[in-house]
Amino acid sequence: KPGEQKHPKEPSSLQCMHLAVVACGDRLEETLIMLKSAVLFSNRRLCFHIFAEDSLKPEFEKKLKEWPSSYTKKFESNIYPITFSVGNAQEWKKLFKPCAAQRLFLPVILKDVDSLLYVDTDVLFLRPIDDIWHILGEFNATQLAAMAPEHEIPKIGWYSRFARHPYYGSTGLNSGVMLMNLTRIRSTHFKNSMIPGGLTWEEMLYPLYQKYKNYITWGDQDLLNIIFYFNPECLYVFPCQWNYRPDHCMYGSNCRGAEEEGVSILHGNRGVYHDDKQPTFKALYEVIRDFPFEDNLFQSLYYPLQSKFLDTVHTLCGRIPQVFLKQIEKTMKKVYENRVIVYLGANHRY
């Protein structure tokens, strides 16, 4: 069809789905649980790009080696130091949370990677990464990144009420899950509010930060909102089930896609995995954290999750357990069927 985009091909590792995360401070465990959820359900091979403070590197290496070989063979991992290629490193480091701005520099650092999924440390995959990876093939000729809206309802959204800088659309974007075609990002000149001719991604970052630094609250996410405000044709918008946050259920259910399909990617922002404000989010985190790798997924993951959810039905998010369970149940059935078919195939002698 005219204008249809083929799935981007990578010269070096055709079979690899690239996943990037930035971990600083006390985010080691959270990052490992996120990577575990990715490995549990993915079909194709994964390449992890972990950007971490030097003190965390040996811990990451040690913990990932402890996983059973049936899982470690599904991925390769690279651990990088935190670096900022333009501007003042200390300023970037202090922007919003420690090191979060690192994600803005991924197109510059990972020069040999064609496409990439970036996620925050507090994300959990409830279905194969393969499914979000396929969305790269849906990009039209000008799209080079995909994110979900920050909110579904403008009148209670943060950007629509408080932002003092330009932002994308009517409610802004949440950058906790961001799919990127890095090749396109590197080769594009972006419209901006500073010079008429357009700037490359790397040229634009520091001047943009300098111009808006007194007006931004959410750091790198705000800068991405400003970039896509001026370049809306470059963005593909995900539906909310690909970046499902407490905001989607704590004011009543306001993510229709999750009601229909179930949550695909859970984003436990504002520390909800570690306090008692949103027990449904905490339940999912703890069950994936405690799942013994080689065990039966239904017995050691799905059933404990169901029973934990019974204790949360009195909460706003807990009133809609099917939203959280639908996709993970579907995914586990597929994993189970695949294993049974593979096993039978290997033992079929007729």
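This is a predicted model: local features need pLDDT of at least 70, side-chain atom pairs count only at pLDDT 80 or more; totals for chains, interfaces and linings use all residues.

**Entry 1: Cys24 and Cys99.** I looked up the S-S torsion here and got -100 degrees, so the link of Cys24 and Cys99 is left-handed. The pair links distant parts of the chain, with Cys24 in the loop between β1 and α1 and Cys99 in the loop between α4 (89–94) and α5 (106–109). That puts the two cysteines 75 residues apart. The S to S distance came out at 2.0 Å.

**Entry 2: Cys16 and Cys47.** Next I took the disulfide that joins Cys16 to Cys47, where S to S is 1.8 Å. The torsion about this S-S bond is about 110 degrees, so I logged the disulfide as right-handed. Where do the two ends of the Cys16 and Cys47 pair sit in the chain? Cys16 is in the segment before β1 (17–23), while Cys47 belongs to strand β2 (residues 46–52). They are 31 residues apart, and the pair links distant parts of the chain. Buried or exposed, I asked of Cys16? Cys16 has a relative accessible area of 2%, so I put it down as buried. Cys47 also reads 2%, which means buried, since the cut-off is under 20%.

**Entry 3: Cys240 and Cys255.** I then went to the disulfide between Cys240 and Cys255, with an S to S distance of 2.1 Å. Its torsion is about 100 degrees, so this disulfide is right-handed. Both cysteines lie in the loop between β8 (235–237) and α11 (256–261), so the pair ties together parts that are 15 residues apart in sequence. Cys240 and Cys255 are both buried.

**Entry 4: the pairing.** How many disulfides does the structure hold? I have four in the log. With the bonded cysteines of the protein numbered in sequence order, the pairing reads 1-3, 2-4, 5-7, 6-8. I looked up one other cysteine as well: Cys234 has 4% relative accessibility, so it counts as buried.

**Entry 5: the second largest pocket.** I got about 280 Å³ for the second largest pocket. Its lining has 13 residues, and the closest to the pocket centre are Leu40, Ser42, Lys74, Val335 and Arg339. Which helices each supply at least two residues of the lining? I found α1 (28–41), α3 (69–72) and α14 (321–347). Of the elements, α14 gives the most to the lining, with three residues. By residue class, I noted five nonpolar, four polar and four charged in this lining.

**Entry 6: Arg270.** Last stop was the backbone. Phi of Arg270 is near 60 degrees, which I flagged as a positive value in a residue other than glycine. Where does Arg270 lie? I placed Arg270 in the loop between β9 (265–267) and α12 (279–290). Its relative accessible area is 52%, and the cut-off for exposed is over 50%, so I marked Arg270 as exposed.

Note on methods
Residues are numbered from 1 along each chain as its sequence is written. Side-chain values use heavy atoms; hydrogens and water are left out. Helices (H or I, at least four residues) and strands (E, at least two) are DSSP runs, numbered from the N terminus. Buried means under 20% relative accessible area, exposed over 50%, partly exposed in between (1.4 Å probe, protein chains only). On a 1 Å grid over the protein atoms alone, a cavity is a set of points where a 1.4 Å probe fits but cannot get out, and a pocket is an open set with protein on both sides within 12 Å along at least five of seven lines; lining residues have an atom within 4 Å of a point. Grid points are joined across faces, edges and corners, and a volume is the space filled by probe spheres set on the points. Ala, Val, Leu, Ile, Met, Phe, Trp, Tyr, Cys and Pro count as nonpolar, Asp, Glu, Lys and Arg as charged, and the others, Gly among them, as polar. A disulfide is a pair of cysteine sulfur atoms within 2.5 Å.
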